[in-house]
Amino acid sequence: MALWAKVQQLPQESLSQVQSAYSTYFPMEVRHYFAEWIENQPWKDIDDTNPAHEVYASKLFAQIMELIEAKALDSTLDFFVRLNLQNFAKQFKDVYSNQPMNLVRVVRNCLINEETLVRAAAECGSPSGVTTMQATLDDKTRQEIKACMDLLDKKTDETDQDLRHMQLKQEKFVIDYQNQDKISANLAHIQQQPQSANRTELETKFKQEKEEMDRQLLSAAQQILQQRLSLASKHNDTLGMLDKLTKRVVDDELIAWRQKQKLALNGAPFDTSMIDVLQKWCEVLADLIWRNRMQIIKVDLLRQQLPIDIPQGQTDLQPDLNRIVTGLLSSLVTSTFIVEQQPPQVLKKDSRFTATVRLLVGGKLNLQLTPPRVTATIISEQQARTFLQNEDRRQHQKCGDILNNEGPMDYHQHSGQLSITFRNMSLKNIKRADRRGAEVHTVAEEKFCIYFSSDFNVGGNELKFQTLSLPVVVTVHGNQECQATATYLWDNQFSEPGRIPFQVPDKVPWSEVAKMLSTKFCAMTGRGLSDINLKYLGNKLFGMSGTVDFSSAVVSWTQFNKVNKY
């Protein structure tokens with residue numbers, strides 16, 4: 001059965017994930033009408049990092065354009081269908097005519113996503129027989145986060161209106177204060193005149209006007225003060241809500257995405273569209289934080305223009321707000337600097353490799369106007385620990401040299417993404433740790449990682465952005481490949497979020513190892529391991545035979561990687 005036919009039989013939750021992978025730049029209608037042709041093309045064989053493959057991408061683009069244009073002329077189709085196809089053809093020409101390789105990437109990602117979901121639905125994702133892939137971000141989570149963002153947007157609009165009213169009140173106060181000065185000057189002038197009936201009348205009039213103006217100014221000052229305190233309290237509440245929501249998106253959902261990305265490298269299903277949802281959330285957060293920051297700065301300016309003392313016993317929250325909102329913005333931006341495409345987890349010297357780094361809020365903050373430059377270096381496990389312990393990162397050292405390791409981030413207008421893909425990195429040399437007396441005894445067990453860093457200005461603050469790739473193993477000979485693979489499989493599957501680099505448990509339940517092996521086998525062959533297969537592997541691993549129950553057994557790293565079983 002063709003892949004597209006299998007996709008149409010997926011459960012609703014999986015179909016929703018299929019739909020989310022498509023966009024106006026590769027509509028699902030095009031996938032539907034030309035399903036057979038699309039599935040028969042070598043999208044996966046084209047290396048988008050190889051300039052020589054551009055000719056293949058151009059050929060595919062020309063062919064799909066011919067198909068769409070021909071279909072749009074089919075008089076048997078509904079008028080609106082033909083009109084949509086004409087629009088698709090025009091859009092494809094605008095978007096891909098100069099960059100056909102982008103079409104290859106988009107189609108390939110959609111096909112990979114479909115294959116992953118179909119595989120999961122076929123119950124080959126784990127030995128326990130999971131029937132469908134769990135939704136990465138369930139509807140309840142999406143609804144809760146959207147509701148919170150809508151509430152924060154409303155509160156931010158309300159404080160903006162309060163700020164406008166307060167500004168108008170203050171501007172009127174300044175005008176009235178100037179009028180009071182004029183009245184005071186007139187009164188002083190009259191009092192210097194000789195005594196007369198006219199002078200007495202004018203003096204009485206100006207005194208009454210001055211007293212009335214004094215009362216009005218005192219009342220207005222009290223109102224402005226209360227507006228300031230009330231606005232500061234509202235801003236403080238909004239920042240508290242923003243802090244909680246930012247932690248939910250960054251500390252929960254983004255970390256969950258990183259975990260799923262890690263497991264995907266072991267063959268687990270992965271919703272490739274999830275990162276775009278996270279980017280939208282992070283952009284909304286950045287916008288809300290920025291708007292509140294602008295309001296707080298404006299309040300500070302108004303306070304400087306018209307100082308009013310705070311009575312004893314009343315708390316003024318305003319002095320801390322700028323620090324809090326700036327901290328929120330810095331934390332969000334630095335936390336959303338991510339490795340979107342991980343480098344290969346087994347590296348060889350002098351072999352070319354790629355990686356992509358993305359800043360989820362870069363477009364929202366207009367950083368594309370002065371594109372930041374990103375540098376990639378390779379660091380050891382100990383240097384990675386130093387990085388996460390917040391020690392002086394300016395003294396950061398490398399343990400090897402990478403060629404073609406620096407470049408500016410690119411802004412992709414059609415997707416709103418700010419990212420950089422290092423297409424031609426090459427590890428020139430590596431300095432290994434002294435393994436004498438260490439836990440790591442072989443080259444294939446020693447873990448490194450790629451350290452990505454950049455400096456740029458956000459809101460007047462110079463920030464340093466840094467992120468680490470998943471662990472990589474550097475090999476020299478082909479006979480180290482198997483053991484190096486075991487190293488990263490174990491690390492991907494069993495490492496915990498927030499761990500000290502690159503600590504992993506020494507022993508894990510056999511059931512978890514069996515799940516990992518079945519997932520990897522499914523990714524490589526198209527089907528998972530059966531109960532009989534797993535029983536056989538368990539017998540070989542534990543040196544047993546017959547109907548032995550392994551459900552409570554544990555597997556050590558040494559058993560998994562080092563002990564030969566015949």
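Arg 291 and Asp 157 form a salt bridge, with the closest N and O atoms 2.8 Å apart. This is a predicted model, so read every distance that way. The pair links distant parts of the chain. Arg 291 sits in helix 10, Asp 157 in helix 8, residues 139-191. They are 134 residues apart.

How exposed are the two partners? Arg 291 has a relative accessible area of 21%, so Arg 291 is partly exposed. That is just past the 20% cut-off under which a residue is called buried. Asp 157 is partly exposed as well, at 38%.

The pair does not stand alone. Asp 153, Asp 157, Asp 287 and Arg 291 are linked in a network of salt bridges. Across the model the count of salt bridges comes to 29. The general principle is brief: side chains of opposite charge can pair when their charged atoms come close.

Next pair. Asp 162 forms a salt bridge with Lys 234, and the closest N and O atoms are 2.7 Å apart. Asp 162 lies in helix 8 and Lys 234 in helix 9, residues 197-264, so this bridge ties together parts that are 72 residues apart in sequence. Asp 162 is at 24% relative accessibility and therefore counts as partly exposed. Lys 234, at 35%, is partly exposed too.

Now a local one. The side chains of Glu 212 and Arg 215 meet in a salt bridge at 2.5 Å, N to O. Both are in helix 9, 3 residues apart, so about one helical turn separates them. Glu 212 is partly exposed, with a relative accessible area of 35%.

Let's stay with the helices, but go inside. Leu 278 lies in helix 10. Its relative accessibility is 0%, so Leu 278 counts as buried. What does Leu 278 touch, leaving out residues up to four places away in sequence? The answer is Glu 253, Leu 254 and Trp 257. Then take Val 249: Leu 278 and Val 249 are 29 residues apart in sequence, and their C-alpha atoms are 7.5 Å apart in space.

On to the cores. In soluble globular proteins, nonpolar side chains tend to be buried together. Here the largest nonpolar core has 62 residues. Which of its members touch the most other members? They are Leu 359, Ile 378, Phe 452 and Val 458. Helix 10, residues 274-305, gives the most to this core, with 11 residues.

Not counting residues up to four places away in sequence, Val 458 touches Leu 329, Val 333, Leu 365, Leu 367, Leu 463 and Phe 465.

Now the strand region, and Lys 447. Where is Lys 447 found? In the loop between strand 8, residues 417-430, and strand 9, residues 448-458. Is Lys 447 buried or exposed? Lys 447 counts as buried, because its relative accessibility is 10%. That is under the 20% limit for buried.

So what does this buried lysine pair with? A polar contact of 2.7 Å joins the side chains of Lys 447 and Asp 491. The Lys 447 side chain also reaches the backbone oxygen of Phe 502, at 3.1 Å. Beyond four places in sequence, Lys 447 touches Ser 380, Glu 381, Pro 471, Val 472, Thr 487, Asp 491, Phe 502 and Val 504.

Val 472 is on that list, so follow the link. Val 472 is found in the loop between strand 10, residues 461-468, and strand 11, residues 473-475. At 0% relative accessibility, Val 472 counts as buried. Its contacts, again not counting residues up to four places away, include Glu 446, Lys 447, Phe 448 and Cys 449. Pro 343, Pro 344, Gln 345 and Leu 347 also touch Val 472. Val 472 and Tyr 488 are 16 residues apart in sequence, and 7.2 Å apart in space, C-alpha to C-alpha.

Last stop, the surface. Phe 79, Phe 80 and Leu 83 form a nonpolar patch there. Together they have about 320 Å² of accessible area. Phe 80 lies in helix 6, residues 79-96. Its relative accessible area is 57%, so Phe 80 is exposed. The cut-off for exposed is over 50%.

Definitions and conventions. Residues numbered from 1 in each chain as written. Predicted model: local features only at pLDDT ≥ 70, side-chain atom pairs only at ≥ 80, totals over all residues. Heavy atoms only, no water. Helix = DSSP H or I, 4+ residues; strand = E, 2+ residues; numbered from the N terminus. Buried < 20%, exposed > 50% of the residue type's maximum accessible area, 1.4 Å probe, protein only. Polar contact = N/O pair within 3.5 Å; in protein donor to acceptor, adjacent residues only side chain to side chain. Contact = heavy atoms within 4.5 Å. Core = buried A, V, L, I, M, F, W, Y, C linked by side-chain atoms within 4.5 Å. Patch = residues over 30% accessible without salt bridge, like charges linked within 9 Å, V, L, I, M, F, W, Y side chains within 5 Å. Areas by Shrake-Rupley, 256 points an atom, 1.4 Å probe, with all protein chains shown as cover. Salt bridge = Lys/Arg side-chain N within 4 Å of Asp/Glu carboxyl O.
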